[in-house]
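Keep the picture in view as you read.

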Amino acid sequence: MKLISSYPVICTDKVKESSDFYQQHFNFEPTFAADWYVSLRSKDNTNFELAVLDANHPTIPEPYRKKVSGVIINLEVEDVDTEYQRLKEQSLEFALEIKSEDFGQRHFIVVDPNGILVDVIQNIEPSAEFAEQYGS
């Protein structure tokens, strides 16, 4: 298989709210928009996309028409501290305040309208304990 694209699709009953959230806070823009589906692409890097789909839409097989749960979307950025300060000013729900992890990440987590965790990450030098676990 020659993969040409891959992106998450958020199944929700909050299509507009979800689309607005990623546009307003994470600089995505719509490439297709209907009341039941919105395809979003990063304005900063067009390789990054996500979509929002009405969980009850008939394109989804009926037994699977459920809202999303148990998902974390990782967004790696160049300067996590700047993004943290920017988003703190926007009254978002934070599930985790900014912190550095021994395994090599500085990050914080916000919550989207569906309860999805959005983990905003900057890679940092891991501690010696974790450095050996990284491949070459």
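Ser-91 is exposed, with a relative accessible area of 71%. Here buried means under 20% relative accessible area, exposed means over 50%, and partly exposed lies in between, using a 1.4 Å probe and protein chains only. The phi of Ser-91 is near 55°, a positive value in a residue other than glycine.

Before going on, a word on what you are looking at. This is a predicted model, in which local features need pLDDT of at least 70 and side-chain atom pairs count only at pLDDT 80 or more, while totals for chains, interfaces and linings use all residues. Residues are numbered from 1 along each chain as its sequence is written, and side-chain values use heavy atoms, leaving out hydrogens and water.

Asn-27 is another non-glycine residue with a positive phi, about 65°. You will find Asn-27 in the loop between α1 and β2 (28–33), where it is partly exposed, with a relative accessible area of 28%.

Now step back to the whole chain. It holds three helices and eight strands, in the order β-α-β-β-β-β-α-β-β-β-α from the N terminus on. The C-alpha trace spans about 50 × 40 × 30 Å along its principal axes. Of the 136 residues, 35% are buried.

What lies inside? The largest nonpolar core has 23 residues, and Tyr-22, Phe-26, Phe-108, Val-110 and Val-118 have the most contacts within it. Such a core is a set of buried Ala, Val, Leu, Ile, Met, Phe, Trp, Tyr and Cys residues joined through side-chain atoms within 4.5 Å. Elements giving two or more residues to this core include α1 (15–26), β3 (37–42) and β7 (105–111). The largest share, four residues, comes from α1. A second, separate core of six residues includes Cys-11, Tyr-37, Ala-55 and Ile-60.

Leu-40, in strand β3, is buried, with a relative accessible area of 0%. Leaving out residues up to four places away in sequence, Leu-40 touches, among others, Tyr-22, Phe-28, Phe-48 and Val-52; contact means heavy atoms within 4.5 Å.

His-57 belongs to the loop between β4 and β5. Is His-57 buried or exposed? His-57 is buried, with a relative accessible area of 15%. Its side chain makes a polar contact of 3.0 Å with that of Thr-59 (a pair of N or O atoms within 3.5 Å; within protein, one must be able to donate a hydrogen and the other to accept it, and residues adjacent in sequence count only if both atoms are side-chain atoms).

Finally, look for the largest pocket. Its lining has 25 residues, with Ser-42, Phe-48, Leu-75, Glu-76 and Val-77 nearest its centre. On a 1 Å grid over the protein atoms alone, a pocket is an open set of points where a 1.4 Å probe fits, with protein on both sides within 12 Å along at least five of seven lines, and lining residues have an atom within 4 Å of a point. The largest share of this lining, four residues, comes from β5.
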